[in-house]
Structures are given as structure tokens and as C-alpha cells.
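My notes follow in the order I made them.

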Amino acid sequence: MKLGAAVLLFALAAASPEIKYFRNERPVQNTPQQVAQTCLVLDPGIFAHSAPQLADLRLYRDETETPYVAHVAAPVQAAEKAIVPLNLGQRGGQTVFDAAMPDASYSDIQLAVTGQNFIATVTVYGSQAQAATAETKLGAFTIFDLTRQRLGRSTVLHLPQSDFRYLHFRIAGPLPPESITGLWVSRLTASQPRYVTVAETSRITQKNHSSVIEFTVPANVPIERIAVVPGTTPALFSRDVSVSVVQLSQSPSDGPEPPPTVTSSGNLLRVHSEQGGHRIDEERLSIDAPYEAFATPTKWIITIDNGDDIPLTLNSVRLEMLQRNLCFEAAASARYSLYYGDPALSTPRYDYATLFTKRADAVEAAVGPEQQNPAYQPRPDERPFTEKHPALLWVALIAVIALLGGIALRTGRRTAQTLP
């Protein structure tokens, strides 16, 4: 009973959205001429000027709040499954093994290979039965470890989309059976992740043996990937990368900034060459930064370790966020606007979001430029008097203590005078 009363009081105390209390407004453009599911892309500016997790974002048709759902356009990465090699051994001077694959479409396969300084060719065949005589060749792929040349390592097989129940591997190269310890398979997703550029620069600072790139990111904007566009030189490279984030103070009175936090690291790689009769074509030009948005502005410091090699020529470096879509059911020829910038609000809960299914024929809308809501006015401070003026509470408490002390002292003196 008490818990229910507390929940009711909380609900009554929670702020309700009203258009006049939203600081920012953006019109929705390209809405349909007929009733249709409609989706638009949420750009970084909306995150920068909204409450954390878009808690204060609302969609209005004229003055009527409209339910919506905000979702990531695609998962960060496909699910991976570890697979144990079967019948691992040697045949005809080659390392061979089989693998039972998941009951779903899959693409890239990562081989777990021990050892360094090798180049090998992996030929992959597929079949629906483990002992099938008819096999389909899926391709021949080069794996390598060029540690001695400082050109990195790749043991990924970029298979075409496949759904064979079994795969059969034949490895030509200096890799004995004991060097193959397992493999991972990436299942295909319905769509590939799409990213939106948050910030981009071509300004790179050289410090000792490192290339340093810095960005300042507003509060509440998520960063999930760092991508580079390299120049033509050097043609081959493998460079380790570390990423640090410094949370900036909201005001000078907040005290010194905390030390940077290393949030991610990775390796940038580009190898296009012929080595030992093997053709190698491998690129890794981005690293993941899977972290939630910070509640304060941040400085991102990206450090590329060049070692004793010449620095990378970089045409640009981008901070990217996964694309987020906002979808709703649009009425025919109706006008909609997004409103945000009221920190008193909490995240809305709509049945529409719970029951949402993206349709293939959804209309693509867009948002216009941000403008200040012409009807904006600050939300009145509805906190209790004691919360608005906490110092007065302490003054009153000290006055009461002083009064009680004075009464006690006076009472003590009278008692002493009446004693024989």
C-alpha cells in the first residue's frame, strides 16, 4: 500500500511536457501525402542539445504529442559463434579440417592461428553433409602474419554469403595442424551498420614518433567508431592506435579536469602486395569505440604510433555514431515538429515503441535546421521552498538550537537560585 502511494506521488510530481517549455524546435520535412510509417535520421546536433539518452525529445503534430520510437539502424556487430575444428590433421602436405556451421547465413570467418611470420592460402569448400562427395568451392583466401615486416596480421576469410552446413578447409603454407586452435563465424545481419559523421578533421599534429588528432565533442553525443581516410603514402602500413577521452569541466569552478581515460585501442592496416607468390589485399581503416555518451563535453585524443616509419598521410579522420532513426505513423499531409531542451522531462513510454515493426515501404523524412522555440519560456521552479533555499533551513535550525540553548541556560540558573 505504501509503495503504491509512493509511486502515485512520484507520477504526480513528474513534469509533464508542454511546448512552451522546450528550448529547441526542428520541423519535420518531406512528410507523406497519405497515412504512412515515416522515419527520419537523428543527427548529432539533436543529441548535443537534448537531455541524456534523448529523454526530453518529443514529436508534435501541431500541439498534439505523437508517439514515436527511436532505434539504432543496425546492430554494432554481428553475433559471433566459436566453433571447434573437426578431423584436424594433414593430407597431401596440407593442414585440413572440417567445421560444423550454424543453421543460418554467415559471412566472415576468423581463424585462431598460433605462430608468427607466415603467409598461407586457405581454400574453403562447402557441403550439406560432413562426408559429402560433392563440395562447392567458396574461394581461396590468404592469411598472414608479417610481424617481422611490421605489417600486422590477418586471419580473416571473407567468404561470400553462405549457408552450408559444413565447411572444409585446406591450408597450404607453414601452418601445422596444432597451430589451428579454433574459428569464429560472423552471422549475417539483415542490414549492415550505418554511421553518421559527428566530427571530421584533416589536422594532424606530429609529436615524437606519433600522429595525434584531437576532437571536442559536445555532451550526450555518442561516439562508436573512428574512421580514417589514408593518403597514398605509405602504400603499406600497420599502425597501433590508442584513444583517450578527457571529460571537460562544465565551468571553471568545477575544479581541475580529471585525467584522460583510455577508452579503446586498435590497429590500422593496409596491405596490397605480392609476397612469396601470394596476393594479399587487406585493409582495416577504422576502430570501434563502443562507449555511451558522456554527460559533459569531452576531448578525444587519437594517437597513432608510427614507430620509426614515416607518419601516415591522412586525408581525414572522422568520429562517427551509429545511425539512429526516429519512426512514427504520419497522418496525411500533416505538419510535425521535434521539440527538445527541457531537462525536467523523463524518457517517454509509448505503446507504439513496444509494438513497433519497421516496414520496408516506410517513408524517409528529414529534419530542418534547429531554431529556438518562439513560444519558449523557462519552466517555473516547482521545488519545495526548502529545496529552493537550503541555506535558510540551516539558519532556522541554528536559531532553534540557540533558542533552546538559551532556554536551557536560563532554566539552569533559576534552578540554582532556588536550591538551599
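**Entry 1**

I began with Arg-165, which is partly exposed because its relative accessibility is 29%. My cut-offs: buried is under 20% relative accessible area, exposed is over 50%, and partly exposed is in between, with a 1.4 Å probe and protein chains only. Before going on I noted that this is a predicted model, in which local features need pLDDT of at least 70, side-chain atom pairs count only at pLDDT 80 or more, and totals for chains, interfaces and linings use all residues. Residues are numbered from 1 along each chain as its sequence is written, and side-chain values use heavy atoms, with hydrogens and water left out.

Which residue does Arg-165 form a salt bridge with? I found Asp-103, with the closest N and O atoms 3.3 Å apart. Arg-165 sits in the loop between β13 (156–157) and β14 (166–172), and Asp-103 in the loop between β8 (94–100) and β9 (106–113), so the pair ties together parts that are 62 residues apart in sequence. I took strands (E, at least two residues) and helices (H or I, at least four) as DSSP runs, numbered from the N terminus. Asp-103 is exposed, because its relative accessible area is 69%. A salt bridge here is a side-chain nitrogen of Lys or Arg within 4 Å of a carboxyl oxygen of Asp or Glu.

I searched the whole structure and got 14 salt bridges. One of them joins the side chains of Glu-18 and Lys-20 at 3.8 Å, N to O. Glu-18 is partly exposed at 36% relative accessibility. Lys-20 is also partly exposed, with 31%.

Next I looked at Arg-318. Its salt bridge with Glu-320 has the closest N and O atoms 2.9 Å apart.

**Entry 1: cavities**

How many cavities of 30 Å³ or more does a search of the whole structure find? It finds 2. The search runs on a 1 Å grid over the protein atoms alone: a cavity is a set of points where a 1.4 Å probe fits but cannot get out, a pocket is an open set with protein on both sides within 12 Å along at least five of seven lines, and lining residues have an atom within 4 Å of a point. Points are joined across faces, edges and corners, and a volume is the space filled by probe spheres set on them.

The largest cavity holds about 50 Å³. Its lining includes Ile-226, Val-241, Leu-268 and Val-317. Strands β19 (223–230) and β24 (298–305) each give two or more residues to that lining. I sorted the lining and got 8 nonpolar residues, no polar and no charged. For this, Ala, Val, Leu, Ile, Met, Phe, Trp, Tyr, Cys and Pro count as nonpolar, Asp, Glu, Lys and Arg as charged, and the others, Gly among them, as polar.

The second largest cavity has about 40 Å³. Among its lining residues are Val-217, Asn-220, Glu-292 and Trp-300. Here I counted 7 nonpolar, 3 polar and 1 charged.

**Entry 2: a pocket**

I then turned to the second largest pocket, with about 390 Å³ of space. It is lined by 19 residues, and Phe-47, Gln-53, Leu-54, Ala-70 and Arg-324 lie nearest its centre. Strand β5 (residues 69–72) gives the largest share of the lining, 3 residues. The lining divides into 13 nonpolar, 3 polar and 3 charged residues.

**Entry 3: two prolines**

Pro-52 is in the loop between α2 (44–48) and β3 (58–61). It is partly exposed, at 48% relative accessible area. I checked Pro-52 against Ala-295: they are 243 residues apart in sequence and 6.9 Å apart in space, C-alpha to C-alpha.

Pro-177 is in the loop between β14 and β15 (180–187). This proline is buried, at 15% relative accessibility. Pro-177 and Leu-88 are 89 residues apart in sequence, yet 6.3 Å apart in space, C-alpha to C-alpha.
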